[in-house]
Amino acid sequence: MNAQLQPTGSAYFISPETARQERHTLSVLVTNEPGVLARVIGLFSGRGYNIESLTVSETEHEAHLSRITIVTTGTPTVLEQIKAQLDRIVPVHRVVDLTVRASQLGQERPIEREVALVKVAGSGEGRAETLRLADAFHAKVVDATVSHFIFEITGKSSKIDQFVAVMQPLGLIEVCRTGIAAMNRGPQGM
């Protein structure tokens with residue numbers, strides 16, 4: 001037996017090949033009623049699954065349906081368990097793994113966007129540099145005084161991470177992020 005695959009004393013050992021972590025974006029269509037979000041979050045916390053990003057909003061007002069977008073990481077087995085367990089929650093109408101769907105459509109990832117509000121001190125010589133860099137990132141000024149700016153920036157999470165990193169030495173005060181909203185390309189819906 002290969003030394004890497006020998007048990008570690010536990011009845012459950014996993015070879016490195018099967019233990020690879022994958023990042024997936026799940027879209028969950030639910031009835032918009034009190035307690036649904038708590039039940040979905042409880043499923044994750046009760047089983048020790050991590051949520052990297054979570055967004056939820058009513059998307060079909062007349063049908064009282066909300067869409068929950070969850071970004072999570074796990075092994076393929078864990079991700080399948082998450083989807084199966086989400087499907088069993090009563091007010092859940094549909095669970096779609098947008099990452100798998102994108103792959104089936106021949107795409108690398110689903111379209112993912114995030115919005116952030118970023119407050120930066122802005123006075124003296126650094127004021128012009130702050131505005132110049134914000135313009136380079138296509139960040140929009142939504143509030144400004146003689147002492148600070150609040151920028152709105154939309155894009156991939158990596159773009160927002162870069163913007164925050166660039167603003168750090170210029171006087172970053174506060175950051176508020178929405179979490180990821182995602183959908184697959186193409187004419188078909190969820």
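**Figure 1. The face of helix H4 turned away from its buried side.** On this face, helix H4 (residues 126-136) carries the exposed residues Ala 128, Asp 135 and Ala 136, where exposed means over 50% relative accessible area, buried means under 20%, and partly exposed lies in between, with a 1.4 Å probe and protein chains only. The model is predicted, so local features need a pLDDT of at least 70 and side-chain atom pairs count only at pLDDT 80 or more, while totals for chains, interfaces and linings use all residues. Residues are numbered from 1 along each chain as its sequence is written, and side-chain values use heavy atoms, with hydrogens and water left out. Helices (H or I, at least four residues) and strands (E, at least two) are DSSP runs, numbered from the N terminus.

**Figure 2. The buried side of helix H4 and what packs against it.** In H4, Thr 130, Leu 133 and Ala 134 are buried. Seen down the helix axis, the buried residues of H4 fall within an arc of 100 degrees, so they line one face of the helix; the arc is that of the directions from the helix axis to the C-beta atoms. These buried residues pack against strand E5, strand E7 (148-155) and helix H5 (157-171), and contact here means heavy atoms within 4.5 Å.

Figure 3. His 138 follows H4 and sits in the loop between H4 and strand E6 (140-144). At 44% relative accessibility, His 64 counts as partly exposed.

Figure 4. What does Ala 116 touch, not counting residues up to four places away in sequence? The list is Phe 151, Glu 152, Ile 153, Ile 160, Cys 176 and Arg 177. Of these, Glu 152 is 36 residues apart from Ala 116 in sequence, yet the two are 5.7 Å apart in space, C-alpha to C-alpha.

**Figure 5. The largest nonpolar core, with Leu 86 among the residues that have the most contacts inside it.** A nonpolar core is a set of buried Ala, Val, Leu, Ile, Met, Phe, Trp, Tyr and Cys residues joined through side-chain atoms within 4.5 Å. The largest one has 16 residues, and those with the most contacts inside it are Val 28, Val 40, Phe 44, Ile 82 and Leu 86. Strand E1 (22-31), helix H1 (36-47), strand E3 (65-74), helix H2 (76-88) and strand E4 (92-97) each supply at least two residues of this core, and H1 gives the most, with four. Leaving aside neighbours within four places in sequence, Leu 86 is in contact with Leu 26, Val 28, Val 40, Leu 43, Phe 44, Val 92 and Val 95. A second, separate core has 15 residues, among them Val 120, Ala 139, Ile 153 and Phe 163. In soluble globular proteins, nonpolar side chains tend to be buried together.

**Figure 6. Pro 76 in helix H2.** Pro 76 lies in helix H2 and is partly exposed, with a relative accessible area of 29%. Although Pro 76 and Arg 20 are 56 residues apart along the chain, their C-alpha atoms are separated by 7.9 Å.

**Figure 7. Residues 5-12, where the confidence of the model is under 50.** Where pLDDT is low, the predicted coordinates should not be read in detail. For the protein chain as a whole, pLDDT averages 89, and 90% of the residues score at least 70. Among the elements of the chain, H1 has the lowest mean pLDDT (90) and E7 the highest (97).

Technical notes. pLDDT = per-residue confidence, 0-100.
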